[in-house]
Structures are given as C-alpha cells and as structure tokens.
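Here is a short briefing to read with the model open beside you. Take a look at the structure, and then we can walk through a few of its helices together.

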Amino acid sequence: MKTCFLDGVADRVNLPFFDVWRVECYTFVYPLVIHYSQRVAPRCLPLPHIPPLTGVALRFGIAGALLLALVRHFGVRFTWSRWELGLWAMNGLFSFSVSYTIVYWAEQHIPSGLAAVLFATYPLMVAVIAHFALPGERLGWSASAGILLGLAGVATIFSDDLQALGGARAREVALVMLVSPLVSAIATVAIKRWGKGIHPLSLTAVPMLLTAALVGTLAAVFERNAPIVFDLRSVGALVYLAVMGSAVTFTIYYWMLSHAAATRVALIAYTIPIVAVAVGAVLFDEPIRPLVILGGALVLAGVAIVARRR
C-alpha cells in the first residue's frame, strides 16, 4: 500500500536506486521550500490589509480545501479510526492553530531572525519527547550533551538585552514564542507514534480545515472591526503561503515522517535561522546582536551533535 501519492510518482521513475535516496532528496528540497514559505515569505510577502488571525484562517482554509480536492482525486480513504480522529484534532490544534497564531503574533513584536532562532529549538524538543515516547529513538550520552548545548544557546539568547531588539515586551514575547516549537514537537511525535497507516493528505487536509474553522471563529470575535482589503499583493501572498507554505510543505513533511525517524526529519528545521537572520538584516534592517548570534550558533551546534549521535 502506498502511503502517499509521492510514492506513486516515485514508482513510475525507472531508477532502481530511487528508493535509497528519495527521502534524502525530499529532505534536501524541503528546507528550500520552508525557508521562503514559512519564515521568509511572510516578511517579504506581508499581508498588509489582512489581520493576523484572519490571515491564518484564510491561509489554512485555502490549503485545506486544495488538499481535500487531492484526497478525492487520488482516491485516498480516511479510516475514521480513533487514532486518525485524535491526530486530526491534535495536529489542527497544535501544529497549525496554536503554533502559527503564536508565530504571527510574535513576529509583530520581535525580529523574524530572533523568532527563527527560537523556533530552531524544535528539533531538540522533538528529540527529547521522542526519547520517552518512541522506543526506537532513544538519546545517547552524546545526543544528551547536544540537547544541553542547545539549551545553553537559548539561555544565552535570553541573557541578552532583548529590549534592544523588540522593546519592553521582547523577553515575554520570546518566552511565548518557545511554545510554538514545543506544541509542534508534541504533534510530530504523536503522529510518528500513532499515525502509521494514516495518509499524509489526511494528516494535512482535515487539520488545516479545522484550523480555518477554529482560528476563523477567533478572528470573527477579536478582529471583527479590523479592516480587510484584498488587493493584488495581499491575495498573491495569501495564495503563495497557502499552496507552497502549507499544502506542499506539510504534505512532503508528513510523507517524510512516515519514512524516517521523527528526530531525523525534524532536523531539517535547523537551517531556517541562517536564512531568516540574513534576510531580516539585509531586507528589513533588523539588528544583529552578538549574543543572539552566539546563542543561535550554540543551538545549531547542539542540533548537529544530536544529528550525528542518533
């Protein structure tokens, strides 16, 4: 049984060694997509006339509808098991609703580079949770040292004068920002443990539509008086983020998760800060502070150690 329509495409490629490197191929391609779609594009392609909650709801509503159409086109069948229903709820709430609402809110108060460095703790959080929840992904002593090094990096970042980066509330916003990678890590490990046999399109389409409904309801309450203008720039950015930053990105991600260890797949997020910090500094004149760079380097070093010692 094929776990994803990507497998069907792979099987039609007449290369006997394709199975060996196709996961590696997508592991290489995915960061290129996520760099621009998840962290860079929201800054380069802002939604100037769409409030944050409304933007999240519309983004995932469009993505979910597109993926649901693909479900029908490829003949994907939902199992409607308690595991599938539970993962729908968890993924919709944790991976998309909570995580993205926090990111959209946080980047209004702190530089995108700092937000990306903080989100780079995601692979470390996945590794820790997977150690306790996934029997085949135990941490050794070297990997544990990598975790501690990453935590030292986070501590270094918070030792800096964050007010110089984002004002009086920067430290509090940065703390809240850490909830985003945490809830995403919980959802990732849950999918790895209980998602066997559940199609990646199921893990994306329905949770994204649930996110659109939940966050859309919050937007109707908290942003009901906020002006919304759908001009060419906003619509173009919204469609790009929905298709490339949501539908394509997460379908590939959950397909990879079904083929490789959760910690290994999560490690691809470690390169995000490099691009985010550079783009933030060059295009948006965001300040680069030495302690933030040092802390980010420690986080990346910790992730690298975990990657080598799994």
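Which residues in H3 are buried? They are Leu53, Thr54, Gly55, Val56, Ala57, Arg59, Phe60, Ala63, Gly64, Leu67 and Val71, where buried means under 20% relative accessible area, exposed over 50% and partly exposed in between, with a 1.4 Å probe and protein chains only. Please keep in mind that this is a predicted model, in which local features need pLDDT of at least 70, side-chain atom pairs count only at pLDDT 80 or more, and totals for chains, interfaces and linings use all residues. Residues are numbered from 1 along each chain as its sequence is written, and side-chain values use heavy atoms, leaving out hydrogens and water.

**Helix H3 and what follows**
- H3 covers residues 52–73, and its 22 residues reach 32 Å from the first C-alpha to the last, close to the 32 Å expected at 1.5 Å a residue (the expected span is 1.5 Å times one less than the number of residues).
- Helices here are DSSP runs of H or I with at least four residues, numbered from the N terminus.
- Just after H3, Gly75 has a positive phi of about 70 degrees.

**H4 against H9**
- H4 (residues 82–106) packs with H9 (residues 170–177) at an angle of about 160 degrees, and their axes are 10 Å apart; axes are lines fitted to C-alpha atoms over the stretch in contact, and angles run from 0 to 180 degrees between N-to-C directions.
- H4 and H9 are therefore roughly antiparallel (over 145 degrees; under 35 is roughly parallel, 65 to 115 roughly perpendicular and the rest oblique).
- On the H4 side, Ile102, Val103, Trp105 and Ala106 meet Val173, Val176 and Met177 of H9, contact meaning heavy atoms within 4.5 Å.
- The residues of this contact are 7 nonpolar, no polar and no charged; Ala, Val, Leu, Ile, Met, Phe, Trp, Tyr, Cys and Pro count as nonpolar, Asp, Glu, Lys and Arg as charged, and the others, Gly among them, as polar.

**H4 against H11**
- H4 and H11 (residues 200–222) pack at about 55 degrees, with axes 8 Å apart, which makes H4 oblique to H11.
- Residues in the contact include Trp88, Leu93 and Phe96 of H4 and Val206, Met208 and Leu214 of H11.
- By class, the contact of H4 with H11 has 11 nonpolar, 7 polar and 1 charged residues.

**Thr121 in its loop**
- Thr121 sits in the loop between H5 (112–119) and H6 (122–133).
- Thr121 counts as buried because its relative accessibility is 4%.
- Leaving aside residues up to four places away in sequence, Thr121 touches Val154, Leu178, Pro181 and Val299.

Key. Helices (H or I, at least four residues) and strands (E, at least two) are DSSP runs, numbered from the N terminus.
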